[in-house]
Structure formats: structure tokens, C-alpha cells
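Hi everyone, thanks for coming. Please take a look at the picture on the screen, and I'll walk you through a few places in it.

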Amino acid sequence: MRAAVVSFTGRGSRLNRKIVEILKSRGWDCEGWTREKFAVSGLNIMEGTLADWTGKNFPEADALIFVGACGIAVRAVAPWVKDKFQDPAVVAADEGGQFVISLLSGHAGGANRLTRELAAALGAVPVITTATDVNGRFAVDVFAAENGCAISSRDLAKQLSADILEGKRVFISSDFPVEGEFPPEVSAGEEKEHGRDSEEFSSVSVRITWSDQEEEQVLRLIPRRAVLGMGCRRGVSKEVLEREAEAALRAAGVDRRAVRAIASADLKQKEEGLLSLAEEWGVPFLTYSAEEMNRIPGTFSSSEFVKHTAGVDCVCERAAMAAVLENGAGGRLLAGKRKGDQTTAALAAEEIIIHTGEQK
């Protein structure tokens, strides 16, 4: 996670540095900026205008933190704002460290959570104004973000949130194990037959799943825990690779939004088609040596030709599993090798436990 902090006074710079230290200690890639006249050790010098700084960092950072007046932050980010599912978290803190304010992307972007964490560390008051938080209700976008899930429909998510704020309950089912307890407005498990017609419940239900199958009035939360392993002949175009990748996902019944990375052999680390596909899908392209892939436990498809050329009997399956297992979690193949037009593809995924977490 990457955060960028900016301040505009000497006092603000000292708080800026403290925020940077706090976030770094919690695993963030975090840097702070200020004007040269307010420079302190550990901060970068901001060249150009604040608009330039914001325009550069807004699409690249997961969080922007402004140490100063809210109005400065609002004017700075205004030209770049798209929607709450794409924008980074934007937080403002007064230079005296009395208040930390969640300004933008409170739920999906994590600004509310970041605001609470910074306020607690600084001894400040967190200021959060999103309706579900104010009313202490279940927020499906927060729940999705905390479990690393994509949301299948923004419209259904908005409808569900509106229903919950009106006091309605929601059904949630999960294809994966769930740890913890949901709040009272959430009914976990299978829907009752009368549920959709009952005024007590929202007409929108939630399913946590990898499935690519749309269901009427069902909001799918899709864990981003799958890896698509691919092998290909040299020079295969991005268009062919994408067509075959999508075919492999359809055959497995897995939504594309479940894919968090594309993996292959290190012989393919400069393969333009694979690099372009990963860039278009917005996921990293990971490569592994034959030695690394040969160490992966399990039974895989085998090809003497591939073993002769790549040093490993099956690139797509072993690369997918290597990516899944390197995080230290367990995992399994969801779909074995599928031969396509000058390509092979396989799908692996991490073991998943859904956490209910703290909704307030």
C-alpha cells in the first residue's frame, strides 16, 4: 500500500513526518512532501504546484493525506475525482493534530479505516461522516474491501446500502468459510423462501463467490485470490492471449475479477503479449525459474517438449501454484492446463477464509 503525505507549514511538516513514521511502521510505502522553506529531515521537497503534486500522486497512491485545511485538500483533488470504487483514500489532518478527517473513498478506498488508525496513533479525534458509519450499520463496500473482494455491481451495492439504512436486513451466503459474527442486520446462510418477498429484507442479497454466473438481485463479492498461469509460443499477440485467458476462465466458471496476477516462466518475463495483457487487466505479471517451479509440490500435467525447452514439465500449472504459495497461504489448482491457440492456461487460487471484521 502506498501513501503520500503533503504539508504546507513548519508545524505541519513536523506532523507530516510523524504520520509518515506511523504508516511506515505499519507496513505502508509512505513518503512525505513539503515546501523547501518548511523542510525537515525525512521529507521530500515539493516542486511545482500542489495541483501538479496531486495530479501525479492521485492515480498512483492508495492514500493521500493533506496536513492542513480541508478546503486545500478538496480543491486539490477535485479535478481528479472519478468515483468511490476507483479513487484513493483522501484524508485531511489539521496541523495541530487535533482532528483527522475522512474526505474521500471512506469505504472502498479505506479512508475511514485509515482515519481511525491515524487518529488513534496521534491522539486525535476521527471525523467520519458516511451514513452507515454514523448509524452503525453494515457497509458492504467496507466488508468487500477488508476481504479483498471485487464488487460485481455498483448499482446493487448502492441499492443494498440504501435498504440497510432504511432498517432492512440482508441475506449473505458464502462459498468459503466465514470467521466471526455478522451484525444483527445480516442473516448469514441460505436465503429462506420468503426472504425476497419479505419487507424485513432487502431485495438484494449477497453471495461471496468466484462464480461468473449472474443472478437477479444478487450482489457478488469476488475474492481477488486467483492466479492465471499461462504459457505461450514466442510472439503471440495480446489479443490471442486475452481470448484464450478469458476462455479458460469461462471454462472454469470463474469471474475475471478474481484474478490477482498472471504468472509464467522467467523465460517469458519480456514476452510483450503477456506484459500487455497484465497491464490491461491491471494485475502484476509474475515469473518463476524452472528451479522454483520444480519445487512446487503436487501432481501436474507433463510435457516432455515443454520440459526440454523450459526445464519444467508444465509451465502454466506450476507457475500459477508458485504464485499462490509464495504468500505462505495454502492453495490449489482450480482448473488444470487448457490448451488454446498457441497458448496454455491454468488457474490456481489461495485458500480463503472470510472475516466478518469490525463494521463500526
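**A walk through the model**

Let's begin with one serine: the side chain of Ser264 reaches the backbone oxygen of Met230, at 2.7 Å. Keep in mind that what you see is a predicted model. Where does Ser264 sit? You'll find Ser264 in strand E15, which covers residues 259-265. Is Ser264 buried or exposed? Its relative accessibility is 0%, so Ser264 counts as buried. Leaving out residues up to four places away in sequence, Ser264 touches Met230, Gly231, Leu274, Phe285, Leu286, Thr287, Tyr288, Val315 and Ala319.

Now for another serine. Ser13 belongs to helix H1, residues 10-25. With 0% relative accessibility, Ser13 counts as buried. Among the residues that Ser13 touches, again not counting those up to four places away in sequence, are Ser7, Thr34 and Phe38. Val40 and Leu43 are on that list too.

Next, the sheet. In what order do the 7 strands of the open sheet come? The order is E3-E2-E1-E4-E5-E6-E7, and the pairing is mixed. At the edges stand strand E3 (44-45) and strand E7 (125-127). Each of these has a single partner strand, so one side of each is left without a neighbour in the sheet. Further in, strand E1 (residues 2-7) and E4 run parallel, joined by 5 bridges. There, Val6 stands opposite Phe66 in E4. A helix also comes into this part of the picture: helix H4 (residues 111-122) lies across E4, strand E5 (89-93), strand E6 (99-104) and E7. Relative to E6, helix H4 runs at about 170°.

A pair of aromatic rings is described by the distance of the centres and the angle of the planes. How many aromatic pairs does a search of the whole structure find? It finds 7. One of them is formed by Trp53 and Phe66, and it is edge-to-face, with 5.9 Å centre to centre and 80° between the planes. Trp53 lies in helix H2 (residues 50-57) and Phe66 in strand E4 (residues 63-67), so this pair ties together parts that are 13 residues apart in sequence. Both partners are tucked away: Trp53 counts as buried at 6% relative accessibility, and Phe66 is buried with a relative accessible area of 0%.

Another pair is Phe143 with Phe182. This one is tilted, at 5.6 Å centre to centre and 55° between the planes. Which parts of the chain does the pair link? Phe143 is in helix H6 (residues 140-146), while Phe182 is in the loop between strand E10 (178-179) and strand E11 (186-188), 39 residues apart. Phe143 counts as buried at 1% relative accessibility, and Phe182 is buried as well, with a relative accessible area of 17%; the cut-off for buried is under 20%.

Back to Trp53 and Phe66 for a moment: together with Trp33, they form one aromatic cluster.

Last, a word on confidence. The mean pLDDT of the chain is 89, and 94% of its residues reach 70 or more. Confidence is highest in E4, at 96, and lowest in helix H5 (residues 131-134), at a mean of 56. Where pLDDT is low, the predicted coordinates should not be read in detail.

Methods:
Residues are numbered from 1 along each chain as its sequence is written. Side-chain values use heavy atoms; hydrogens and water are left out. Rings of Phe, Tyr and Trp (its six-membered ring) pair if their centres lie within 6.5 Å; planes under 30 degrees apart count as stacked, over 60 as edge-to-face and the rest as tilted. Helices (H or I, at least four residues) and strands (E, at least two) are DSSP runs, numbered from the N terminus. Buried means under 20% relative accessible area, exposed over 50%, partly exposed in between (1.4 Å probe, protein chains only). A polar contact is a pair of N or O atoms within 3.5 Å; within protein, one must be able to donate a hydrogen and the other to accept it, and residues adjacent in sequence count only if both atoms are side-chain atoms. Contact means heavy atoms within 4.5 Å. pLDDT is the predictor's confidence in each residue, from 0 to 100. Two strands pair if DSSP finds at least two bridges between them. Axes are lines fitted to C-alpha atoms, for helices over the stretch in contact, and angles run from 0 to 180 degrees between N-to-C directions.
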